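Welcome, and thanks for taking a look at this one. Here is a short briefing to read alongside the model.

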Amino acid sequence: MANEGLGSKLTSESRSTMMQLIFPLDTNYHGTMFGGKVMEYMDKIAAIASMRHARGPVVTASTDSLDFVAPIKVGDMIDVEAFVTWTHKSSMEVFVKVQTENVYTGDRKTAVTAFFTFVGLNEHGKPTPVPGIIPQTEEERTLHDSAPERYELRMQRKRDRST
């Protein structure tokens, strides 16, 4: 493992959530939440999860598989959840899920999912090693086990852009 000297942390130690009530100013002319506003909340909670895992400063390196699967409407409450799924040297893959909740009925549905990559930084703003991850739940294990493939796809995209 690349991060042996740092030990590993449980996925649950990075799990972070944020709740928001959606108002008219949060929506576009379709009456649904601005995609960019949702992405802002997702990036913030992913940063918090990463900082909790690294216990230091982090920076967003990439976002991928950002999938809008259901609309978010005025009056919906959103629950934005993030946790570190996998690490590689100084980078952390963070899964972020946005669920809507009807506050009157309690009905919940997934609205958006994405993977963010963050890099841990040292006091000079340079990449620094981060602890490994220990998944516990079935969802955490599934995401952890499939993370190396996503990592390789990210690295391939990066190589393709540099040529």
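Helices (H or I, at least four residues) and strands (E, at least two) are DSSP runs, numbered from the N terminus. Please keep in mind that this is a predicted model, in which local features need pLDDT of at least 70 and side-chain atom pairs count only at pLDDT 80 or more, while totals for chains, interfaces and linings use all residues. Residues are numbered from 1 along each chain as its sequence is written, and side-chain values use heavy atoms, with hydrogens and water left out.

- Arg55 is not a glycine either, yet has a positive phi of about 55°.
- This residue sits in the loop between α1 and β3 (58–68).
- Arg55 counts as exposed (over 50% relative accessible area, with buried under 20% and partly exposed in between; 1.4 Å probe, protein chains only), because its relative accessibility is 62%.

**Overall fold**
- The protein chain has two helices and seven strands, in the order β-β-α-β-β-β-β-β-α along the sequence.
- Its radius of gyration (over C-alpha atoms) is 17 Å, close to the 15 Å that the globule rule (2.2 Å times the number of residues to the power 0.38) gives for 163 residues, so the chain is as compact as a globular protein of that length.
- The C-alpha trace spans about 50 × 40 × 30 Å along its principal axes.
- Of the contacts (heavy atoms within 4.5 Å) with a separation of 6 or more, 73% join residues 24 or more positions apart.

- In soluble globular proteins, nonpolar side chains tend to be buried together.
- Beyond its neighbours within four places in sequence, Val96 touches residues including Met42, Ile45, Val80, Val112 and Phe116.

**Burial and charge**
- Buried residues make up 44% of the 163 in the protein chain.
- The chain carries 19 positive (Lys and Arg) and 21 negative (Asp and Glu) side chains, not counting His and the chain ends.
- With charges placed at NZ of Lys, CZ of Arg, CG of Asp or CD of Glu, the centres of the two sets lie 4 Å apart.
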